[in-house]
Amino acid sequence: MPRWLRIVLTILAAAIGAYAGLIMVGGGAAGTAWLFLFGDDPWPGWSEIVIPLVALAGSLAGAYAFGLAAWRSTGRYRS
């Protein structure tokens, strides 16, 4: 496989992983905060900072995991 194609596939997988991590972890953090911490009461101001940071961490973790998996799976195999 050409190196440029390997890089393109890795970037594509990392982007998919980042989006998946953002949606899953960010939505999970907001849902957990809503169901178990704050409910329908007014949310404190710090929650507007913490929830996006948690979502960003999930996005970075997803990008790393998917990108690493794609990079390793498209590597050269020795027979």
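1. The protein chain has a radius of gyration of 17 Å, whereas a compact globule of 79 residues would have one near 12 Å. The radius is taken over C-alpha atoms, and the globule rule is 2.2 Å times the number of residues to the power 0.38. Along its principal axes, the C-alpha trace spans about 60 × 20 × 10 Å.

2. This is a predicted model, in which local features need pLDDT of at least 70 and side-chain atom pairs count only at pLDDT 80 or more, while totals for chains, interfaces and linings use all residues. Residues are numbered from 1 along each chain as its sequence is written, and side-chain values use heavy atoms, with hydrogens and water left out.

3. Of the contacts with a separation of 6 or more, 74% are between residues 24 or more positions apart. Contact means heavy atoms within 4.5 Å.

4. Buried residues make up 28% of the 79 residues. Buried means under 20% relative accessible area, exposed over 50%, and partly exposed in between (1.4 Å probe, protein chains only). The chain exposes about 5,900 Å², and carbon and sulfur atoms supply 72% of that area. Accessible areas come from the Shrake-Rupley method with a 1.4 Å probe; for residues, only the protein chains shown count as cover.

5. There are 2 aromatic pairs. Rings of Phe, Tyr and Trp (its six-membered ring) pair if their centres lie within 6.5 Å; planes under 30 degrees apart count as stacked, over 60 as edge-to-face and the rest as tilted. Phe-38 and Trp-43 form a tilted pair, 5.2 Å centre to centre with 50° between the planes. Phe-38 and Trp-46 have ring centres 5.7 Å apart and planes at 70°, so this pair is edge-to-face. Within it, Phe-38 is buried at 16% relative accessibility, while Trp-43 is partly exposed at 33% and Trp-46 is partly exposed at 49%.

6. Arg-6 lies over the face of Trp-71, at 3.7 Å from the ring centre. The rule asks for NZ of Lys or CZ of Arg within 6 Å of the ring centre and within 35 degrees of the ring normal.

7. Ser-59 lies in helix α2 (residues 47-73) and is buried at 13% relative accessibility. Leaving aside neighbours within four places in sequence, Ser-59 is in contact with Gly-17, Ala-18, Gly-21 and Leu-22. Its side chain reaches the backbone oxygen of Ala-18 at 3.2 Å.

Conventions
Helix = DSSP H or I, 4+ residues; strand = E, 2+ residues; numbered from the N terminus. Polar contact = N/O pair within 3.5 Å; in protein donor to acceptor, adjacent residues only side chain to side chain.
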